[in-house]
Amino acid sequence: MPNGSLSLAARLYLLAWDPERMTLTGAWKVAHLLRAGALAELAQRGLLADDDGVAVPVGDSRTGDPALDGLLELIEESRPRKWKSWVTFHPTYTLEAVRTQLAGAGYLRTRRRRVLGVFPSAEYELDRPDLVKSLRDEARSVLLGPQPAAEVSDRDAALVALAAAAELRTLATGKERRLYRNRIEALTDRGGASIPVLRKVIEEVRTAVIVAATSESAARTTGEN
């Protein structure tokens, strides 16, 4: 799986890693982000369409990517749902498919362990920090660089727009997101040039992140009490 052939969801997952600290940042929101990336790519490829706010499969084609095709099958076999529902409906399915794919391609390594000494579990560690650094540099160049948004590819524009919506600090600090707010909006428009529904997906990422952050904060407070 050459770097250039990575799906949008896979690129977003790698972008969430801090290659210096070798840690996954914002783990509590990554699943929603990857699901949004998969939805956006399927729409960009013309395999999902918008029908009055509902994500509708187009034809019976497949991409050859396990995470994308798995989501397509899930959408086909489920009752009709709006885009916002698909961002949050069992997003770990997409997360696990992406991690398994990246582990098989050598981007991650898997460490097996048993929870409570009984239940098998897998933990993932970054195995190619050099490639993640390159991906981060490319993404930051799209965000901060001089290239006009209209000349950025729709895939790169969607990557940065979604990562910014999820507030990935590996892409940009909060100060940088505020400073480049207009640039992010322009990239959002560019990423959705062929798929206006991208704005709906990005808005749902923002909402999911806020909800997840609120839940995590409440859980932490409860635990402290």
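Modeller: Helices are DSSP runs of H or I with at least four residues, and strands are runs of E with at least two, both numbered from the N terminus. The model under discussion is predicted.

Biologist: How many helices and strands does the chain have?

Modeller: The chain runs to 225 residues, of which 44% count as buried. Among contacts between residues at least 6 apart in sequence, 68% join residues at least 24 apart. Its secondary structure consists of ten helices and six strands.

Biologist: In which helix does Thr-94 lie, and is Thr-94 buried or exposed?

Modeller: Leaving out residues up to four places away in sequence, Thr-94 touches Leu-34, Arg-35, Ala-38 and Ala-67. The helix that holds Thr-94 is α5. A residue counts as buried under 20% relative accessible area. Thr-94 has a relative accessible area of 3%, so Thr-94 is buried.

Biologist: Which residues of α1 are buried?

Modeller: Helix α1 covers residues 8-15. Eight of its eight residues are buried, so α1 is largely enclosed by the rest of the structure. The buried residues are Leu-8, Ala-9, Ala-10, Arg-11, Leu-12, Tyr-13, Leu-14 and Leu-15.

Biologist: At what angle do α1 and α6 pack, and is α1 roughly parallel or roughly perpendicular to α6?

Modeller: Arg-11, Leu-14 and Leu-15 of α1 meet Val-132, Leu-135, Arg-136 and Ala-139 of α6. The axes of α1 and α6, the latter comprising residues 129-144, are 9 Å apart, and the packing angle is about 105°. This angle makes the arrangement of α1 relative to α6 roughly perpendicular.

Biologist: How far apart are the axes of α2 and α3?

Modeller: Helix α2 (residues 27-44) and helix α3 (residues 66-77) pack at an angle of about 85°. The two helices are therefore roughly perpendicular to each other. Their contact is made by Arg-35, Ala-38, Leu-39, Glu-41 and Leu-42 of α2 with Leu-68, Leu-71, Leu-72, Leu-74 and Ile-75 of α3. The separation of the axes of α2 and α3 is 10 Å.

Biologist: Which residues of α7 are buried?

Modeller: The twelve residues of α7 (residues 154-165) should span 16 Å at 1.5 Å a residue, and the end C-alpha atoms are 16 Å apart, which agrees. Nine of the twelve are buried, so α7 is largely enclosed by the rest of the structure. These are Ala-157, Ala-158, Leu-159, Val-160, Ala-161, Leu-162, Ala-163, Ala-164 and Ala-165.

Biologist: Over what arc around the axis of α9 do its buried residues lie?

Modeller: Helix α9 covers residues 181-191, and its buried residues are Arg-183, Ile-184, Leu-187, Thr-188 and Gly-191. They lie on the same side of α9, because the arc they cover around the axis is only 145°.

Biologist: Which residue in the turn of the hairpin formed by β3 and β4 has a positive phi?

Modeller: Strands β3 (residues 48-51) and β4 (residues 54-57) pair in the antiparallel sense over four bridges. Ala-49 stands opposite Val-56, and Asp-50 stands opposite Ala-55. Two residues separate the strands of the hairpin, and the turn residue with a positive phi, about 55°, is Asp-52.

Biologist: Which residues does Asp-18 touch, not counting those up to four places away in sequence?

Modeller: Asp-18 lies in strand β1, residues 17-18. With a relative accessible area of 8%, Asp-18 is buried. The residues that Asp-18 touches are Thr-23, Thr-25, Arg-169 and Thr-170.

Note on methods: Residues are numbered from 1 along each chain as its sequence is written. This is a predicted model: local features need pLDDT of at least 70, side-chain atom pairs count only at pLDDT 80 or more; totals for chains, interfaces and linings use all residues. Side-chain values use heavy atoms; hydrogens and water are left out. The expected span of a helix is 1.5 Å times one less than its number of residues. Buried means under 20% relative accessible area, exposed over 50%, partly exposed in between (1.4 Å probe, protein chains only). Two strands pair if DSSP finds at least two bridges between them. Contact means heavy atoms within 4.5 Å. The arc is that of the directions from the helix axis to the C-beta atoms. Axes are lines fitted to C-alpha atoms, for helices over the stretch in contact, and angles run from 0 to 180 degrees between N-to-C directions. Angles under 35 degrees count as roughly parallel, over 145 as roughly antiparallel, 65 to 115 as roughly perpendicular and the rest as oblique.
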